[in-house]
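Work through the exercises below with the model open. Try each task before reading its solution.

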Amino acid sequence: MSHQPILPGATIGVLGSGQLGRMFAVAARRMGYRVHTLSPAQDSPTGHLADREVTAAYDDLDAVADFARRVDVITFEFENVLSATTDCAARHAPVRPAGGILQICQHRLREKTWLEAQGFPVTPFRRIASFEDLQQAAAALGLPAVLKTAGFGYDGKGQVKLTASDQLDAAWQEMAGAEAVFEAFVPFEREVSVTAARGLDGAFSHWGVVENEHHNHVLDVSTPDAPVSEAVRRQAIEVTRGILDGLDVVGVLCVEFFVGPGDRLLINELAPRPHNSGHFSFDASVTSQFEQQVRAVCGLPLGSTALMRPASMVNLLGDLWQDGEPDWVAALAEPEIKLHLYGKAEARPGRKMGHLVAFGADRDDARNRALNARKALTQQPKT
Ligand code: AMP
């Protein structure tokens with residue numbers, strides 16, 4: 001495979017067409033690349049900004065082959081792209097990160113098994129394929145615990161928390177016979193993540209340790225420069241580097257961690273693409289996670305990830321629309337708020353519609369400003 005850089009003017013194909021692809025397209029087009037996107041959706045967040053939007057199922061391999069023939073390199077923004085799709089695409093253009101990485105990361109069991117085999121610190125888990133497996137896992141790892149579907153889960157979907165053994169039966173019914181992962185519940189003090197990039201030449205860069213606050217299992221607030229000890233910071237970055245090297249990632253990958261009592265660091269999960277917890281970088285870092293993805297997959301040198309100012313990001317979910325259009329003017333009255341909307345037509349509860357980034361004198365100040373701006377969106381009663 002050629003290690004020649006893919007230069008501005010070339011065309012990058014993106015599998016998936018959500019907000020991650022949209023922000024990738026902004027970064028790519030700013031640098032003079034063309035962007036094509038393929039997904040089953042029409043009029044998609046990525047499609048609005050792409051030069052070409054192909055609407056096709058991921059298993060329509062004729063469409064995938066045709067798509068791949070017209071681009072110079074392919075990346076993805078959606079984790080659940082089938083391996084048949086990336087295998088087919090890879091016959092016509094380089095796929096970065098490689099499809100095999102996607103295959104590991106899209107399946108909790110494969111991911112945890114790989115991490116454990118490589119000696120990375122992962123939440124204790126068991127594979128569950130029957131009710132007997134579930135009973136044995138509960139006896140071995142104890143309760144509370146979380147039962148998660150092995151494949152195709154995100155943002156807390158396909159998860160059941162177990163606190164007592166009389167809940168096992170109902171939980172197993174809920175999995176409807178699907179392969180699952182039983183995970184010990186981690187009494188974490190904080191959740192943090194490290195988003196990092198690796199170039200074609202193996203160069204590594206990261207955006208530091210970011211603190212993540214969740215609401216209803218969905219990311220709510222991300223603030224860089226997490227208040228963790230130097231030992232945790234170093235370990236989180238070292239582990240992340242080990243994972244990107246171990247998987248031979250060319251692109252961006254995020255590692256989500258739990259920080260437990262006594263500075264115990266455990267990996268929750270991996271995402272082999274830019275991540276919601278790295279969105280602040282679009283406004284607050286010299287190089288955003290999206291620009292770095294462009295640079296990495298095109299074989300260009302990676303940019304500086306330095307944080308220019310303390311910042312914080314809050315998500316805007318569809319719930320904010322329940323009494324009508326949010327009051328954008330009120331939120332933007334604070335001059336240092338950056339508004340990102342993903343162009344989604346329908347605001348459903350729980351759906352990620354956009355985010356706000358705020359700057360501040362320090363991380364707490366930035367976080368407060370971001371939360372206040374979000375509050376202002378729905379504060380005024382509608383007349
Ligand atoms: P996930 O979709 O696996 O990232 O889970 C979403 C969120 O649920 C996590 O960010 C945690 O807040 C919570 N969660 C998931 N698994 C566990 C666990 N084993 N222990 C404690 N909290 C968990």
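**Exercise 1. Find how far apart the C-alpha centres of domain 1 and domain 3 lie, and what the contact takes from each.**

Solution. Start with the bounds: domain 1 is 11–95, domain 2 is 124–184 and domain 3 is 190–376. These bounds come from an automatic or database domain assignment. The C-alpha centres of domain 1 and domain 3 are 23 Å apart. Next, list the contact residues (heavy atoms within 4.5 Å). Domain 1 gives 19 residues and domain 3 gives 22 residues.

Two notes on the source. This is a predicted model, where local features need pLDDT of at least 70, side-chain atom pairs count only at pLDDT 80 or more, and totals for chains, interfaces and linings use all residues. Residues are numbered from 1 along each chain as its sequence is written, and side-chain values use heavy atoms, with hydrogens and water left out.

**Exercise 2. Work out the area buried between domain 1 and domain 3.**

Solution. Buried area is the accessible area (1.4 Å probe) that two parts lose on being put together, summed over both. Here the value is about 1,800 Å². Carbon and sulfur atoms give 68% of this area.

**Exercise 3. Which polar links cross this interface, and which elements line the side of domain 1?**

Solution. First, apply the salt-bridge rule: a side-chain nitrogen of Lys or Arg within 4 Å of a carboxyl oxygen of Asp or Glu. Two salt bridges cross between domain 1 and domain 3. Separately, Glu79 pairs with Arg273 in a salt bridge, with the closest N and O atoms 2.8 Å apart. Then count polar contacts: N or O atoms within 3.5 Å, one able to donate a hydrogen and the other to accept it within protein, with sequence neighbours counted only if both atoms are side-chain atoms. Seven residue pairs qualify, both residues at pLDDT 80 or more. Now turn to the elements, which are DSSP runs (helices H or I, at least four residues; strands E, at least two) numbered from the N terminus. On the domain 1 side, α1 (19–30) and β4 (73–76) each give two or more residues. The largest share, nine residues, comes from α1.

**Exercise 4. Which residues are closest to the ligand, and which polar atoms lie by its oxygen and nitrogen atoms?**

Solution. Use the cut-off of a heavy atom within 4 Å. That gives 17 surrounding residues, the closest being Lys148, Glu183, Val186, Glu191 and Glu269. Check the polar atoms one by one:

- Gln159: a polar side-chain atom is 2.9 Å from a ligand oxygen atom.
- His217: a polar side-chain atom is 2.9 Å from a ligand oxygen atom.
- Val186: a polar backbone atom is 2.8 Å from a ligand nitrogen atom.
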